[in-house]
Amino acid sequence: MGYVTVLALHSLLRWGALGAVIARFARALAARGGAFTALDRGLGFAVIILLDLQLLLGLALYTGLSPAVNAAKMDMGAAMKDPYLRFWMVEHGVAMVLAIGLAHVGNVLVKRAADDARKHKSAAIFTGIVLLLLLAAMPWPFRSVIGRPLMPGF
Ligand code: HEM
């Protein structure tokens, strides 16, 4: 698969990943004090699968397909002074890998938590942090220099 196809999949899948994280966060808050059900387990699973897929596509872009990352690798010193190249070389990937790592840690803690209230609490804290990181590292169209469309091809 080439750059355009992988970038389009990565761009589309962001909505699935973001939607699953928002749904899990909202559910963890709403279900506070209630039972931890199959819905909670399902949402937790969906978040991990969608984020891991996004990581895979992101790594394919990062390790060869992305023209921005490839250009940055030619001269790292200059790239660090260029907001566009620095975003794709460092900021986006680091924040997203951190978010995905924290989602995994949160998932383990939810599984290990002694009771349902603690499961919801861990889910709320970790998905809340993951959500903030995703929102902060997304190339929203309104962001200057690094802004990208909301859907591929627009
Ligand atoms: C949940 C995690 C992630 C989300 C939501 C996300 C979202 C996005 C979005 C919306 C774009 C722009 C797509 C477009 O131009 O149409 C993009 C591009 C990109 N992402 Fe991610 N991303 C994630 C994880 C990652 C990770 C973990 C890496 C690297 C390890 C990565 C590397 C890249 C690269 C290299 C580009 C393309 C830069 C270029 O066009 O040259 N992404 N990502």
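A cavity here is a set of grid points where a 1.4 Å probe fits but cannot get out. The model shown in these views is predicted.

**View 1. The largest cavity and its lining.**
By this rule there is one cavity of 30 Å³ or more. About 80 Å³ of space lies in the largest cavity. Its lining is made up of Arg24, Gly44, Val47, Ile48, Leu102, Ala103, Gly106, Asn107, Ala123, Phe126, Thr127 and Val130. Helix 2, helix 5 and helix 6 (116-137) are the elements that give two or more residues to this lining. Sorted by class, the lining of the largest cavity holds seven nonpolar, four polar and one charged residues.

**View 2. The second largest pocket.**
Helix 2 gives the largest share, four residues. The classes in the lining of the second largest pocket are four nonpolar, two polar and four charged residues.

**View 3. The largest pocket.**
The space in the largest pocket comes to about 740 Å³. Its lining has 38 residues, and Leu7, His10, Leu61, Trp88 and His92 lie nearest the centre of the pocket. At least two lining residues are supplied by each of helix 1 (3-30), helix 2 (38-65), helix 3 (67-74) and helix 5 (83-112). By class, 28 residues of the lining of the largest pocket are nonpolar, eight are polar and two are charged.

**View 4. Surroundings of the ligand.**
The ligand is surrounded by 24 residues, and the closest are Tyr3, His10, Ser66, His92 and Arg148. His92 places a polar side-chain atom 2.8 Å from a nitrogen atom of the ligand. In the side chain of Ser11, an N or O atom is 3.5 Å from an oxygen atom of the ligand. Ala68 has a backbone N or O atom that lies 3.5 Å from an oxygen atom of the ligand. His10 and His92, listed here among the closest residues to the ligand, are also among the residues nearest the centre of the largest pocket.

**View 5. The salt bridge between Arg27 and Asp40.**
Side chains of opposite charge can pair when their charged atoms come close. The count of salt bridges in the model is three. One of them joins the side chains of Arg27 and Asp40, at 2.7 Å from N to O. Arg27 lies in helix 1 and Asp40 in helix 2, so this pair ties together parts that are 13 residues apart in sequence. Arg27 has 23% relative accessibility and counts as partly exposed. Asp40 is buried, because its relative accessible area of 3% falls under 20%.

Glu91 and Arg86 form a salt bridge in which the closest N and O atoms are 2.9 Å apart. Glu91 is partly exposed at 35% relative accessibility, and Arg86 is partly exposed with a relative accessible area of 29%. Arg118 pairs with Asp115 in a salt bridge, with the closest N and O atoms 3.0 Å apart. Asp115 has a relative accessible area of 28% and is partly exposed.

Methods. Residues numbered from 1 in each chain as written. Predicted model: local features only at pLDDT ≥ 70, side-chain atom pairs only at ≥ 80, totals over all residues. Heavy atoms only, no water. 1 Å grid on protein atoms, 1.4 Å probe; cavity = no way out; pocket = protein on both sides within 12 Å on 5 of 7 lines; lining within 4 Å. Points joined across faces, edges and corners; volume = space filled by probe spheres on them. Nonpolar A, V, L, I, M, F, W, Y, C, P; charged D, E, K, R; others polar. Salt bridge = Lys/Arg side-chain N within 4 Å of Asp/Glu carboxyl O. Buried < 20%, exposed > 50% of the residue type's maximum accessible area, 1.4 Å probe, protein only. Near = heavy atom within 4 Å. Polar contact = N/O pair within 3.5 Å; in protein donor to acceptor, adjacent residues only side chain to side chain.
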